[in-house]
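The sequence and structure come first, and the notes follow.

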Amino acid sequence: QHIGDRWIAEGITPAPEADDAEFCRRVYLSIAGRIPHVSEITDFLEETSSSKRRDLVDVLLESNGYVNNFTIVWSNVLIPEADQNIQARFFKADFEYWLSLKLAGKQTRYDEIVTELLVTSLANGSRNGSDAGSPTAFYQAKEFKPENLAAATSRMFLGVRLECAQCHEHPFDGWSQKQFWSQAAFFAQIQNP
């Protein structure tokens, strides 16, 4: 409703709604990370239910495609260092296993995943090969440094690029060095086990 009101206020005409074939392709790419098979498109186009779009989204969210796709998406977002750092890459498999179990858990909400990530016990380090995987690769990739963890968490979970204020007052936003180091202080007790 708010978006529609803003379009009217700004005199913007939104793009026309996608037809069923286009919707089917887009939702498969967005949720399952792949284009649909011809038979899946055909089945969707032949469906006459008025809730077929919602039903397709529900089916895809329950699929292994969703778990596989979003495990990759979130591990790339949370541990981008694994592309450049061989040590981070080593621990990434354990992290991805943990993340896939969380995403496959139908009752696990994203806020619960983030909470577990941020308050996990690092006492045992990576539990590579365990039944539950481990989110510790997130900390290992950030080298357990409070400033790296503060920058990463503020960027990923708050949508704020606070790291510019690490060395000086932020040039474009109102973030100060004090605010950056206050955020980093949250992680100051973390030690490399």
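## Polar contacts of Ser-63

The side chain of Ser-63 comes to 3.3 Å from the backbone nitrogen of Gly-65. A polar atom of the Ser-63 side chain also lies 2.6 Å from the backbone oxygen of Leu-60. Ser-63 itself sits in the loop between α4 and α5 (64-78). The model is a predicted one, and local features are reported where pLDDT is at least 70.

Side chains of opposite charge can pair when their charged atoms come close. Over the whole structure, the search returns 12 salt bridges. One of them pairs Asp-20 with Lys-52, at 2.8 Å from N to O. Asp-20 belongs to helix α2 (residues 20-32) and Lys-52 to helix α4, so this bridge ties together parts that are 32 residues apart in sequence.

Lys-52 has a relative accessible area of 10%, which is under the 20% limit for a buried residue.

Asp-20 also forms a salt bridge with Arg-53, where the closest N and O atoms are 3.0 Å apart. Arg-53 lies in helix α4 and Asp-20 in helix α2, so this pair ties together parts that are 33 residues apart in sequence.

## Lys-142 and Glu-81

A further salt bridge joins the side chains of Lys-142 and Glu-81, with an N to O distance of 3.0 Å. Lys-142 is in the loop between α8 (137-141) and α9 (146-158), while Glu-81 is in the loop between α5 and α6 (86-104), so the bridge ties together parts that are 61 residues apart in sequence.

Is Lys-142 buried or exposed? Lys-142 counts as buried because its relative accessibility is 2%. Glu-81, at 23% relative accessibility, counts as partly exposed.

## A network with shared partners

## Surface patches

Glu-46 is placed in helix α3 and, with a relative accessibility of 58%, counts as exposed.

A nonpolar surface patch is made up of Ile-3, Trp-7 and Ile-12, which together have about 300 Å² of accessible area. Ile-3 is located in helix α1 (residues 2-10). Its relative accessibility of 56% is over the 50% limit, so Ile-3 counts as exposed.

## Asn-148 and Phe-180

Asn-148 is in helix α9 and counts as partly exposed, with 27% relative accessibility. How far apart in space are Asn-148 and Phe-180, C-alpha to C-alpha? The distance is 11 Å, and the two residues are 32 residues apart in sequence.

Conventions
Residues are numbered from 1 along each chain as its sequence is written. This is a predicted model: local features need pLDDT of at least 70, side-chain atom pairs count only at pLDDT 80 or more; totals for chains, interfaces and linings use all residues. Side-chain values use heavy atoms; hydrogens and water are left out. Helices (H or I, at least four residues) and strands (E, at least two) are DSSP runs, numbered from the N terminus. Buried means under 20% relative accessible area, exposed over 50%, partly exposed in between (1.4 Å probe, protein chains only). A polar contact is a pair of N or O atoms within 3.5 Å; within protein, one must be able to donate a hydrogen and the other to accept it, and residues adjacent in sequence count only if both atoms are side-chain atoms. A salt bridge is a side-chain nitrogen of Lys or Arg within 4 Å of a carboxyl oxygen of Asp or Glu. Patches are made of residues with over 30% relative accessible area and no salt bridge: like charges are joined within 9 Å, nonpolar side chains (Val, Leu, Ile, Met, Phe, Trp, Tyr) within 5 Å. Accessible areas come from the Shrake-Rupley method with a 1.4 Å probe; for residues, only the protein chains shown count as cover.
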